[in-house]
Protein chains: 2
Amino acid sequence: MSRCQEAAICTDDLTLGYIRAAAARLAGVAHRTPLLTSATLNSRCEGVVLLKAESFQRGGSFKFRGAFNRMSQLDPAQRAAGVVAYSSGNHGGAVALAARLLGIAAVVVVPATGSAAKLAAIESYGAELRRYDPVTERREEVAAAIASDRSLTVIRPFDDYGVMAGQGTVGLELAEDARGLDQVLVPVGGGGLIAGVATAVKGLQPQARVIGVEPAAGGDTAASFRAGYRVDIGEPSTIADGLRASQPGELTFPINARLLDDVVTVPDEAIIEAMRFCFSFLKIVVEPSGAVALAALLAGVVPGRGKTGVVLSGGNIAPADFAGLLGAR
Amino acid sequence: MSRCQEAAICTDDLTLGYIRAAAARLAGVAHRTPLLTSATLNSRCEGVVLLKAESFQRGGSFKFRGAFNRMSQLDPAQRAAGVVAYSSGNHGGAVALAARLLGIAAVVVVPATGSAAKLAAIESYGAELRRYDPVTERREEVAAAIASDRSLTVIRPFDDYGVMAGQGTVGLELAEDARGLDQVLVPVGGGGLIAGVATAVKGLQPQARVIGVEPAAGGDTAASFRAGYRVDIGEPSTIADGLRASQPGELTFPINARLLDDVVTVPDEAIIEAMRFCFSFLKIVVEPSGAVALAALLAGVVPGRGKTGVVLSGGNIAPADFAGLLGAR
């Protein structure tokens with residue numbers, strides 16, 4: 001038994017047991033999000049589609065699960081010192097929210113050019129913002145310097161087993177609430193969400209295929225999956241701002257290379273169509289990054305036969321940005 | 001015992017018993033919609049707020065409940081002949097959907113100037129559209145003529161006890177799922193929804209105040225409630241297109257005059273703010289008419305102390321219209 005299993009704290013691997021331990025930590029703190037269905041969606045996809053709506057998670061995305069699970073395992077000295085994260089989006093908000101709930105001080109390193117609404121959301125949770133210039137500085141280095149200066153723990157967005165175990169509770173709930181899944185479609189950025197979901201789903205329902213979905217411009221995991229090693233595609237240009245990783249994570253990729261059945265990509269237009277579908281037929285708000293998996297199904301990139309689980313990973317988008325994407329017709 | 005009670009079909013009054021009978025007819029057909037909560041909303045309103053999300057109902061609004069309950073009580077000859085309804089909005093869609101489910105032919109009388117998206121939605125359920133010119137024709141008369149010519153049953157949007165009993169199941173579910181309600185806020189158009197909700201809520205939780213909310217320009221029930229008789233205010237101009245009744249219903253008003261504790265109004269700007277709140281904090285789509293009750297709470301027109309139930313009555317709005325209302329900032 002590894003040190004990890006003994007402590008049920010995940011520091012050297014990702015297992016179903018660690019995900020179960022994360023679920024226990026998150027019980028009563030994170031929302032157990034609903035599985036939504038739509039008769040229109042089922043008839044369009046010729047099967048049963050179950051949408052795991054992480055847009056309804058605290059903080060508006062799945063990111064809260066990983067951040068809280070990771071941060072609740074800090075020791076007393078680490079808690080007293082505080083944490084630092086780099087993100088202008090959902091991870092930053094999630095770390096800020098988890099920090100407030102746990103009584104931990106948090107610094108979030110954000111681009112000076114970031115959306116005012118998103119930065120205000122992070123600040124509203126009580127986190128300290130540290131702005132950096134994305135042209136002259138690298139956010140990982142800014143965060144590392146702050147961490148070193150102030151003895152803070154860096155909470156990485158995906159390349160961390162504690163974070164991945166938290167995200168895996170999405171898959172745990174999906175597999176517990178939906179029996180007999182034929183396939184599960186999951187958005188892929190750095191790969192932390194799908195690594196956790198695949199570990200949980202394959203652990204509970206080995207017959208279910210787990211398929212990653214990326215925006216066409218940000219297909220670093222798709223390319224890496226085919227190549228068999230981590231390909232760097234440079235900074236992608238896509239409306240899916242949470243999926244702009246230039247290469248898969250060092251820790252996430254080996255897990256995904258082993259567990260995933262496929263990784264596909266969808267054009268931005270298909271993402272907008274999926275957001276529009278959610279708006280018109282489900283009456284829910286899904287951000288571009290959150291809609292890629294559904295986009296793959298609606299666009300027919302992945303055929304929808306049998307019982308399909310789809311992760312809608314988040315719903316954080318400013319009304320004006322949403323209007324700009326969907327308002328055209 | 002009246003004829004109504006005996007048959008559990010409501011033709012001469014509205015009672016908790018008729019609403020329970022409606023609930024039995026709707027079981028497994030209508031969705032039991034969720035009660036949503038938001039920590040941000042609770043803290044802003046200094047109390048507990050439970051949102052009854054009828055935006056997630058079949059057809060996108062509470063209207064399906066009343067239409068299906070009414071139409072499922074037609075006798076075989078009436079079913080064989082079919083129904084006619086007048087509405088360009090949610091009632092038309094609800095009658096069309098219920099007709100499809102019950103295998104009944106439906107004609108929906110719609111303004112020739114109506115939104116293409118809404119008319120397409122009604123047609124997509126298989127209903128026959130009959131366009132009228134709102135300048136030269138009155139829709140009630142057009143519908144009555146068709147009903148007479150073709151022996152169809154007119155399904156009224158609110159002034160019908162069977163319709164009201166169906167809408168009352170919103171209140172039944174709310175009162176069953178939320179104990180100890182201090183107040184319930186409900187949108188008011190013709191008054192059918194609130195008549196049903198008030199009958200159910202007062203029947204199960206007599207201590208709960210039931211308060212109607214109208215758009216400021218469409219305050220016909222508020223004015224009538226104060227006057228003690230049905231006031232006609234003419235066609236109101238408001239973004240809440242489902243609440244443009246010019247006067248309360250002949251059958252709904254006596255019920256509401258007896259049961260309601262108050263009727264208040266909110267300006268259109270407050271309705272937009274409530275829609276924006278739902279978008280940003282709840283990640284759900286609510287149409288203007290569906291957001292008036294929440295608007296009253298957020299704008300402080302009704303103070304939010306204790307436990308407040310709020311009916312979000314529908315979510316049908318075209319993306320472009322939504323963008324036009326919320327996209328400005």
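**Ground rules.** Residues are numbered from 1 along each chain as its sequence is written, and chains are lettered from A in the order in which they are written. Because this is a predicted model, I kept to its limits: local features need pLDDT of at least 70, side-chain atom pairs count only at pLDDT 80 or more, totals for chains, interfaces and linings use all residues, and side-chain values use heavy atoms, with hydrogens and water left out.

**Two chains.** I started with how the copies relate. Chain A superposes on chain B by a rotation of 180° with 0.0 Å of shift along the axis, at an RMSD of 0.0 Å (least squares on the C-alpha atoms of residues with pLDDT of at least 70 in both). That is the relation of a two-fold axis. Both copies use the same surface, as 100% of the contact residues of chain A recur in chain B (contact means heavy atoms within 4.5 Å).

I then looked up the interface itself. Chain A puts in 21 residues and chain B puts in 21 residues. About 1600 Å² is buried between them, with 73% of it from carbon and sulfur atoms; buried area here is the accessible area (1.4 Å probe) that two parts lose on being put together, summed over both. Which three residues supply more of chain A's buried area than any other three? They are A:Phe279, A:Lys283 and A:Pro319, with 43% of what chain A buries against chain B.

**Sheet in chain A.** Next I traced an open sheet of six strands with mixed pairing, in the order S1-S2-S10-S7-S8-S9. Strands and helices are DSSP runs numbered from the N terminus (E, at least two residues, for strands; H or I, at least four, for helices), and two strands pair if DSSP finds at least two bridges between them. S1 (35–36) and S9 (262–266) of chain A stand at the edges with a single partner each, so one side of each has no neighbour in the sheet. Further in, S2 (48–53) and S10 (307–312) of chain A run parallel and are joined by six bridges. Across that pair, A:Val49 stands opposite A:Thr308. Helix H9 (161–177) of chain A packs on the sheet and touches S1, S2, S7 (183–187) and S10. H9(A) makes about 145° with the direction of S2(A) (axes are lines fitted to C-alpha atoms, for helices over the stretch in contact, and angles run from 0 to 180 degrees between N-to-C directions).

**Helix H11 of chain A.** In H11 (220–227) I found A:Asp220, A:Thr221, A:Ala222 and A:Ser224 buried (under 20% relative accessible area, with exposed over 50% and partly exposed in between, 1.4 Å probe, protein chains only). The buried residues of H11(A) pack against S8 (209–215), H12 (252–259) and S9 of chain A. A:Gly228 follows H11(A), and its phi is positive, near 90°.

**Cysteines.** How many disulfides turn up over all chains? I got zero (the test is a pair of cysteine sulfur atoms within 2.5 Å). For A:Cys45, the nearest cysteine sulfur is that of A:Cys278, 11 Å away. A:Cys45 counts as buried at 7% relative accessibility, and B:Cys278 does so at 0%.

**A loop residue.** Last, I checked A:Asp13, in the loop between H1 (3–7) and H2 (16–26) of chain A. A:Asp13 is partly exposed at 34%. Leaving out residues up to four places away in sequence, A:Asp13 touches A:Tyr18 and A:Tyr161.
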